[in-house]
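Please read it with the structure open beside the text.

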Amino acid sequence: MPDIVVMFFLLGLLAGAVKSDLQVPKATYDTLSLLLMLTIGLKGGMALYGNLHWGLVPELLGVALLSALIPLMLMPLLRRFVRLSAADSASIAAHYGSVSAGTFAVALAYVEARQLAVGSEVTLYLVAMELPAIMIAIALFRRHQGAAVKESTSKLWHETLTNRGVILLAGGVAIGALYGPVQGAEVTALFTGAFKGVLALFLLEMGLTAAQTLRPMPWHHWRLVTFALVTPLCLSLLGILVGALVGLPLGSVVILAALAASASYIAAPAAMRAAIPEANIGLAMLASLGVTFPLNVMIGIPLYHQLIDWLLV
């Protein structure tokens, strides 16, 4: 049986498919998103309490490098095989190089339920992989456009670094690492104890949104849909390779594979709207939220775990 939180995603997907009047109000979704990202940060910070050391630096650099390489590999493929414009290719490459907090939360719940060994620093992967791909994709688009694009790099850095996901994740990690699981328990227990409940409601809304994205079925974008189905498996293998090279425990490799296979639907859309206004964000959301997110949540994460068992164990 899949993890119970995945069933909430399927419920939302079914409700959306039959055009039910079920909906999660935007204010509620924003609250769930805030709670989810803050809780992920706090859980990671508390796990890091007393465990911070310089040995984490090469590991996090390797993870960040993985994120930076993904758009370099994907943009030519999107241009040549999916036949998208430079703007749309850069946008989608940024989405796939960046990461999904929702996928991370499901992967974390998966490894915890199976008691797989996981490093205390895995939440930092989210922060390390959020930014490089976005900046590389913007640089690729600028190079393609030549002198036509002259936006302020400092403005782009500011918008990327100050989006709510980065602020909540990094802030949660800092607070959790400062106070630990005991000293900060009066506050942090409220968040961590409700983690799966918040995740279940978040995934319910994601199911509804995914169904809406896929209605009507986008047959005329079959190349993009094929890309969104095939790419996660290929990228997960890169995540497994990096995890093996830096010597991560099994649970951490599963999470890194899931993150490498994921696509952003929060930070990247906001950054792309600001940096590449010519890009059709709807295409990126179709691929990332309509196809790749359901694939990862329903079958991808267990599949990546199985691949790791075959390849590494």
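1. Which residue takes a positive phi just after α7? Gly146 does, with a phi of about 70°. Helix α7 itself covers residues 132-145, and its 14 residues reach 20 Å from the first C-alpha to the last, close to the 20 Å expected at 1.5 Å a residue, the expected span being 1.5 Å times one less than the number of residues. Helices here are DSSP runs (H or I, at least four residues), numbered from the N terminus. The buried residues of α7, with buried meaning under 20% relative accessible area (1.4 Å probe, protein chains only), are Pro132, Ala133, Ile134, Met135, Ala137, Ile138, Phe141 and Arg142.

2. This is a predicted model, in which local features need pLDDT of at least 70 and side-chain atom pairs count only at pLDDT 80 or more, while totals for chains, interfaces and linings use all residues. Residues are numbered from 1 along each chain as its sequence is written, and side-chain values use heavy atoms, with hydrogens and water left out. The mean pLDDT (the predictor's confidence in each residue, from 0 to 100) of the protein chain is 88, and 95% of its residues reach 70 or more. Confidence is lowest in helix α8 (residues 153-161), at a mean of 68, and highest in helix α13 (residues 250-261), at 97.

3. Helix α5 (residues 101-113) packs with helix α15 (residues 281-311) at an angle of about 40°, their axes lying 10 Å apart; axes are lines fitted to C-alpha atoms over the stretch in contact, and angles run from 0 to 180 degrees between N-to-C directions. From α5, Gly102, Thr103, Val106, Ala107 and Tyr110 meet Phe293, Asn296, Val297, Ile301, Pro302 and His305 of α15, where contact means heavy atoms within 4.5 Å.

4. Lys19, in the loop between α1 (4-17) and α2 (26-48), has a positive phi of about 60° although it is not a glycine, and Lys19 is exposed (over 50%), with a relative accessible area of 62%. Gln115, in the loop between α5 and α6 (122-130), likewise is not a glycine and has a positive phi, of about 55°; its relative accessible area is 74%, so it is exposed.

5. A cis peptide bond joins Arg215 and Pro216, with omega about -5°, and Pro216 is found in the loop between α11 (195-213) and α12 (222-245). Most peptide bonds are trans, and most residues other than glycine have a negative phi.

How values were computed
Helix = DSSP H or I, 4+ residues; strand = E, 2+ residues; numbered from the N terminus.
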